[in-house]
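Please look over the sequence and the coordinates shown here.

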Amino acid sequence: MNIQIRERPEGTASAGIKTAIADCDIHPARATKDELHPYLAKRWHSHLETFGVHPYQGMMEGPPYPKAQPNASRRDAYPPEGGPQGSSLSFMQKQHLDPNNVALGVLNPLNTGQGIRNQDLAGAICAAINDWQIEKWTSKDSRLKGSVVVANEDGVSAAAEIRRRAGDRNFVQVLLLSRNVEPLGQRRYWPIYEAAQEVGLPIGVHAFGFGGNPITASGWPSYYIEEMVGHSQCQQTALASLVLEGVFERFPKLKMVMVEAGFGWAPSLAWRLDKVFARLHAEVPHLKRKPSEYIRDHIWWTTQPMEDPESRDHLFQTIEWIGWDKLLFATDYPHWDYDEPSRVLPAGVSDANRQAFYLDNAKQLYGIS
Amino acid sequence: MTSPIAGGVDCDLHPAVPHLTSLLPYMNDYWRDQVTTRGMTDLISQSYPTNSPIASRPDWRPAQGKPGSSLADMQRQALDPFGTAFGICNPLYGVQMVFSEDMADAFCRALNDWLVKEWLDKDGRLRGSIVIAVQSIDKAVAEIERCAQDKRFVQVLMLVMGDMPLGKRHYWPIYAAAERLGLPIGIHAGSAYHNPPTSVGWGSYHIEDYVAQAQAFQTQLTSLIVEGVFARHPNLKMVMLESGFTWLPPFLWRLHKFWRGVRMETPWVDRSPLEIVRSNIRFSLQPVDAPPEGDTLNRLFDHMQSDELILFSTDYPHWQFDGDEVLPKGLSQDLVRKIMIDNPHATYPRLQVKETVR
């Protein structure tokens, strides 16, 4: 490994992490409401002022389920120069990237053009966010890599944006969210997968999003904790759709990352899919292999929020069922449920598996040498 | 293979209503007239298309009629071979899909009366679940109270995908009645299709709907726990039926972690989600969503950290296992006894304790 280990003062939060790590889920924020204006056509400035983003949910501002903390972020992550958590590169470097020895940080911008109803506006905001990622973040710190955000409900526009970024090494993946108007395997999203496969970018599917559907199959729940825990159920169903619609049969080189939705559920979902497939395969003849094989070959998982059983053996057995080569370490900085790099993995893991978990899997998947 | 022991309780049997017209004798004049003059069709839910392989094991499928519609078949295929002492009938007739609360209530009453006359009266081993529709909570509670006078009804039956999450306070009068009458709430796979059948919208395939049952059970458990149902009703048992259970450990890891993080949002939750599940929630055995190797399954039982959670079921006539391999390989005799006898009796107080030979 040719990554220099940085000197850190004693007593910093992550003194336990001696080697470089990849953080595959960092959330950059805008410092001000107008920060995107330089990247957006003039017509949208007044449009946004007048009509807002008009998402697939009722609230003009903010999420339908109030977060547990302002901006769902750490209270100690406000930059000294002002602005919300995650909006200052220099403070992100000082608080997170430097002390935690982050060699590769994957940016996953939320609050973009995804999950909004006006598709022209969605495309414009997504393109602006992509330009903003280069100018504010990736061009200023080579450890950071961006995610191409796309107008998720407009496959044609999304594919065009992906092809526009082809070969641009500021970006290492395409970003989708788990909750959309339809389950992610549906054909309206196939142009996105076709373009991503063509330009050689994995697709990250981050928990969250708005598609207008109740966020459980039995309607709208009451509490933020139900939304948080429920991201894993939404992700499971979205993944089942991707597999059962034959997306990985049609796009055999496509790689996907399940981001911030847990990974402990992966084995039981795969077993259930295989068992039901054994009975009902006649309905889905486009599948040539068992569902679990598509998952094993095409899916990676970010670790945060880390599964936290009482027994570390249970954790290790679960990871063995998935494969140590499929996990990508992530902190979710600056969000409140951030995972501390030095504490996330219990003792008892081989050096090779630690190295894969913290860095090498991510470098390999994202093509970082 | 692991051998069943005689005297067990089969907690998930599905007697089938042959046709909506089979319920006409149990309806009043008005509803009989409605069903016939309007030409109402049979209430078959998309959750279980009659001819789907899931709906019946091939060797259990009758030459004609719906799988599970013949008592003689059920006796010969499910009750006798496994030495069943009690079998709990959970009719999956699509009465929950109806939108009118009056029609749903009339159909539920007819269905429950049909179950008594056509099944419970004809085989002393059979017990029933009170099917309710939740379009009207008042009517659901009244139906529970009406049926509960017959002690052969041992639980209340709801679907995992309905109109609202099951923990919502709106439903609590149902839970109060069930607790008062010594009836667990059985929550069975299936949707009223009043919401999209997944939390991310409508999929294309029947197989997606079936796989998604497991995710629906997960969100319902979250709802039931965080809304405080078991703080209010600590003696209420709920049984997840045809839910699968191998998803439970990682689900609880996640729920427990977030509960520790944001428990200020639901301060009435007075015990950890793990404790609540161990004391109040049970799961039927079938389907076992696990690889066939006994080693993996034994690890999963270890991850569940309790041998009291699973209740024996065949899920008859649904196709969950072949031959007589109703119990997964590698279970200890102690665990078999708990699953088949001790756990069900601890869950269903209305089952009379019956002498059994080990």
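How many helices and strands does the secondary structure of chain A come to?

## Basis and overall fold

The secondary structure of chain A comes to 11 helices and 8 strands, where helices (H or I, at least four residues) and strands (E, at least two) are DSSP runs numbered from the N terminus. The model is a predicted one, in which local features need pLDDT of at least 70 and side-chain atom pairs count only at pLDDT 80 or more, while totals for chains, interfaces and linings use all residues. Residues are numbered from 1 along each chain as its sequence is written, and chains are lettered from A and ligands numbered from 1 in the order in which they are written.

The radius of gyration of chain A is 20 Å, close to the 21 Å that the globule rule gives for 369 residues, so chain A is as compact as a globular protein of that length; the radius is taken over C-alpha atoms, and the rule is 2.2 Å times the number of residues to the power 0.38. Along its principal axes, the C-alpha trace of chain A spans about 60 × 55 × 45 Å. Of the 369 residues in chain A, 54% are buried (20 or more other C-beta atoms within 10 Å of the residue's own; exposed means 12 or fewer, partly exposed in between, with C-beta atoms placed from the backbone).

## Contact between the chains

The contact takes 60 residues from chain B and 56 residues from chain A, two residues being in contact if their C-beta atoms, placed from the backbone, lie within 7 Å. On the side of chain B that touches chain A, the elements giving two or more residues are strand E4 (153-161), helix H6 (206-226), H8 and helix H10 (294-304) of chain B, and H6(B) gives the most, with 15 residues. The residues of this side divide into 31 nonpolar, 20 polar and 9 charged (Ala, Val, Leu, Ile, Met, Phe, Trp, Tyr, Cys and Pro count as nonpolar, Asp, Glu, Lys and Arg as charged, and the others, Gly among them, as polar).

## Helix packing

Helix H6 (residues 224-244) of chain A packs with H6(B) at an angle of about 175°, with their axes 10 Å apart; axes are lines fitted to C-alpha atoms, for helices over the stretch in contact, and angles run from 0 to 180 degrees between N-to-C directions. H6(A) and H6(B) are therefore roughly antiparallel to each other (angles over 145 degrees; under 35 is roughly parallel, 65 to 115 roughly perpendicular and the rest oblique). By class, the residues of this contact divide into 8 nonpolar, 10 polar and 2 charged.

Within chain B, helix H8 (residues 248-262) and helix H9 (residues 273-280) pack at an angle of about 130°, with their axes 9 Å apart, and are therefore oblique to each other. The residues B:Leu252, B:Leu255, B:His256 and B:Trp259 in H8(B) meet B:Pro273, B:Leu274 and B:Val277 in H9(B), a contact with 6 nonpolar, 1 polar and no charged residues.

## Single residues

A:Pro341 lies in the loop between strand E8 (327-328) and helix H11 (351-366) of chain A, and is buried, with 24 other C-beta atoms within 10 Å. B:Thr36, by contrast, has its place in helix H1 (residues 29-37) of chain B and is exposed, with 12 other C-beta atoms within 10 Å.
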